[in-house]
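Welcome! Please take a first look at the sequence and the fold shown here, and then read on for a short tour.

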Amino acid sequence: MSTILLVEDDPDIRHLVAYKLVKGGLTVIGVADGVAALREARAHPPDLVLLDVRMPRMSGIEVCRELRAGPLTADVPIILLTARARPQDLEQGYAAGATDYVVKPFSPRELLERVEAALARVAG
């Protein structure tokens, strides 16, 4: 069973996404900010990170860069979740090392499919 680190400061969105992922057969560890995400990812590297871009204390872009720089998390797929959909926003996300980019609002089913696709690519 794959473990997803879900980083989202909005508790309602975090709970909804976690619920759908768990129903999809995944284990979810939810945290509310980037500092907690780095601490959790470094202690227990997940199979995939779902990362909100706009968060207090540390942005998702900063977290993404830090995860890519870490030896234990450099290859973990990272999917950014954000309301920002301008081309330059996507470029910034991919430049930081994101594997995929999902724009809010999103369908929980689509998100689960994107997560499963990213995990399948890693599994080979």
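The notes below walk through this structure topic by topic.

This is a predicted model. Its largest nonpolar core has 22 residues, and apart from that core lies another one, of 18 residues. A search of the whole structure finds one aromatic pair, and a cis peptide bond joins K104 and P105.

**The nonpolar cores**

- In soluble globular proteins, nonpolar side chains tend to be buried together.
- Within the largest core, the residues that touch the most other members are V7, V49, L51, V63 and L80.
- Two or more residues of this core come from each of β1 (3-7), α2 (34-43), β3 (48-52), α3 (60-69) and β4 (78-82).
- The other core lies apart from this one, and among its 18 residues are L6, A18, L26 and I79.
- Leaving aside neighbours within four places in sequence, V7 is in contact with V31, D33, G34, A37, V49, L50, L51, D52 and M55.

**D33, a buried residue in a loop**

- You will find D33 in the loop between β2 (27-31) and α2.
- Is D33 buried or exposed? Its relative accessibility is 11%, under the 20% cut-off, so D33 counts as buried.
- A polar atom of the D33 side chain lies 3.0 Å from the backbone nitrogen of V35.
- Beyond its neighbours within four places in sequence, D33 is in contact with V7, M55, P56 and R57.

**Helix α5**

- Helix α5 covers residues 108-123, which makes 16 residues. From its first C-alpha to its last it reaches 22 Å, close to the 22 Å expected at 1.5 Å a residue.
- An α-helix has 3.6 residues a turn, so residues three or four places apart point the same way.
- Which residues of α5 are buried? They are L111, L112, V115, A118 and L119. These residues lie on the same side of α5, because they cover an arc of only 125° around the axis.
- R109 and R121, on the other side of α5, are exposed.
- The cover over the buried residues of α5 includes β1, α1 (11-23), β3, β4 and β5 (100-103).
- G124 follows α5 and has a positive phi, near 90°.

**Helix α4**

- In helix α4 (residues 87-96), the buried residues are D89, G93 and A96. They cover an arc of only 65° around the axis, so they sit on the same side of α4.
- On the other side of α4, the exposed residues are P87, E91 and A95.
- Among the elements that cover the buried residues of α4 are α3, β4 and β5.
- Just after α4 comes G97, with a positive phi of about 115°.

**The aromatic pair**

- A pair of aromatic rings is described by the distance of the centres and the angle of the planes.
- The one pair found in the whole structure is formed by Y94 and Y101. Their rings are 6.2 Å apart centre to centre, with 45° between the planes, and the pair is tilted.
- Y94 is partly exposed, with a relative accessible area of 38%, whereas Y101 counts as buried at 6% relative accessibility.

**Backbone details in the loops**

- Most residues other than glycine have a negative phi, and most peptide bonds are trans.
- R57 is not a glycine, yet its phi is positive, about 75°. R57 lies in the loop between β3 and α3.
- With a relative accessibility of 63%, R57 counts as exposed.
- Where is P105? P105 has its place in the loop between β5 and α5. The peptide bond that joins K104 and P105 is cis, with omega about -5°.

**S2, in the segment before β1**

- S2 lies in the segment before β1 and is partly exposed, with a relative accessible area of 23%.
- Leaving aside neighbours within four places in sequence, S2 is in contact with L26, T27, D47 and L119.
- S2 and M55 are 53 residues apart in sequence, and their C-alpha atoms are 25 Å apart in space.

Terms used
Residues are numbered from 1 along each chain as its sequence is written. This is a predicted model: local features need pLDDT of at least 70, side-chain atom pairs count only at pLDDT 80 or more; totals for chains, interfaces and linings use all residues. Side-chain values use heavy atoms; hydrogens and water are left out. A nonpolar core is a set of buried Ala, Val, Leu, Ile, Met, Phe, Trp, Tyr and Cys residues joined through side-chain atoms within 4.5 Å. Buried means under 20% relative accessible area, exposed over 50%, partly exposed in between (1.4 Å probe, protein chains only). Helices (H or I, at least four residues) and strands (E, at least two) are DSSP runs, numbered from the N terminus. Contact means heavy atoms within 4.5 Å. A polar contact is a pair of N or O atoms within 3.5 Å; within protein, one must be able to donate a hydrogen and the other to accept it, and residues adjacent in sequence count only if both atoms are side-chain atoms. The expected span of a helix is 1.5 Å times one less than its number of residues. The arc is that of the directions from the helix axis to the C-beta atoms. Rings of Phe, Tyr and Trp (its six-membered ring) pair if their centres lie within 6.5 Å; planes under 30 degrees apart count as stacked, over 60 as edge-to-face and the rest as tilted.
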